[in-house]
Each structure stands twice: as structure tokens, then as C-alpha cells.
Amino acid sequence: MSDTGVPDRGRASVVVVSTSAATGPALDRTGPVIADWLRDRGFTVGDPVIVADRGPVADTLAAAVTGGARVVITTGGTGVTPTDRTPEAVAPLLDLELPGIVEEIRRRGLAGAGPTALLSRGVAGIVGGGTFVVTLPGSRGGVADGLAVLDGLLDHLLAQLHGDGHAPRSAS
């Protein structure tokens, strides 16, 4: 149990993929929001790691997984500009894809931001047999939509990853 009364959920990492934030970290407006959200839910989270677009996204994510992160959330690099390649860096690392999560994030974005939300190309899934990874857009609205979706399912998803979450049904 943490000092806040929230159960300790283990480690989590936040990776910000942004060339502008890599040159001026003060420009990152989404990484701290995600880190605080994770801390509020009992995860131990360091400062967001910032990498440039087309930077070592896969290596940074792999290091977080090797370091024991149960959850890794990236922000940025999911659009269609020539340097937006976060999904291409993360997808090959996924052992199991969870497309419904990014579909719901996109659906919520469509309702709020409009058709530009359809340009987000995020991915979500499991890496290394036990770490949940999701790539959120780099916009504050996209991050808010993503965290709202995760709020309703992250605990259940992590429980299932570790063999819980499905009680045997009684015969009727």
C-alpha cells in the first residue's frame, strides 16, 4: 500500500516521442499528465523519457520492459507526418495485439475532436508476456481520451495478464 492509500501496482513508464520536446523538454505537455495519472493509480513512475521522432523508441520501450514496467504508455508519433513512426517501432515488439483499445480511443476522439482523430495510428498490446503497452497521440485531447479508456479497463487487463480475472462459472 502506498502513502496515498492506493495499492502499489508496480512500475510503469512513460515515453514521449517528439523531436521538439527532445530539444526543449518544457515543450512536452502530455508526458507529465500520463505520469501523474499512473501515480494516482498506484504505479511507481519516473520522469517521462523523451525521444525524438524516429529516435530509439523501440530500444527505450524494451529497456522499460526489461526494467520491470508492467505498463508503458507512449505519447506522440502516431499521426501521418513523415516522422510519425511510433506504431512501426512498437508493433514488432507486441506479442499480443489489443486493437479494441485504440479503436475506442479513436472513437472517443472522433466524438470530441472530430475527423482528425481518424488520422491516429496507435497500437496497443502485450510485450514480453506481461507488460501492457499503448501508443497514445501526442495531443492533450488524444491523451485525455486514451486515459479515459484505460481508466475503465487497466486493472482488469493487468489482472488477466497475471492469471486472474476469470472466476470459474458454476454449473446451473
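Me: What should I know before I start?
Reply: Residues are numbered from 1 along each chain as its sequence is written. In this predicted model, local features need pLDDT of at least 70, side-chain atom pairs count only at pLDDT 80 or more, totals for chains, interfaces and linings use all residues, and side-chain values use heavy atoms, with hydrogens and water left out.

Me: Which residues of helix α2 are called buried, and what makes a residue buried?
Reply: Buried means under 20% relative accessible area, exposed means over 50%, and partly exposed lies in between (1.4 Å probe, protein chains only). In α2 (residues 31-40), Gly31, Ile34, Ala35, Trp37 and Leu38 are buried.

Me: Why do we say that the buried residues of α2 line one face?
Reply: Looking down the axis of α2, its buried residues fall within an arc of 160 degrees, so they line one face of the helix. That arc is taken from the directions from the helix axis to the C-beta atoms.

Me: What do the buried residues of α2 pack against?
Reply: They pack against several elements, including β1 (10-17), β2 (43-45) and β4 (69-75). Contact here means heavy atoms within 4.5 Å. Helices (H or I, at least four residues) and strands (E, at least two) are DSSP runs, numbered from the N terminus.

Me: How do you know that β1 pairs with β2?
Reply: Two strands pair if DSSP finds at least two bridges between them. Alanine 12 stands opposite valine 45 in β2.

Me: How many bridges join β1 to β4?
Reply: Six, and these strands run parallel. Alanine 12 has valine 71 as its bridge partner in β4.

Me: What makes a space a cavity, and how many are there?
Reply: On a 1 Å grid over the protein atoms alone, a cavity is a set of points where a 1.4 Å probe fits but cannot get out. The search of the whole structure finds one cavity of 30 Å³ or more. The largest cavity holds about 50 Å³ of space.

Me: Which element gives the most to the lining of the largest cavity?
Reply: Lining residues have an atom within 4 Å of a point. α5 gives the most, with three residues. Among the lining residues are Val102, Ile105 and Arg106.

Note on methods. On a 1 Å grid over the protein atoms alone, a cavity is a set of points where a 1.4 Å probe fits but cannot get out, and a pocket is an open set with protein on both sides within 12 Å along at least five of seven lines; lining residues have an atom within 4 Å of a point. Grid points are joined across faces, edges and corners, and a volume is the space filled by probe spheres set on the points.
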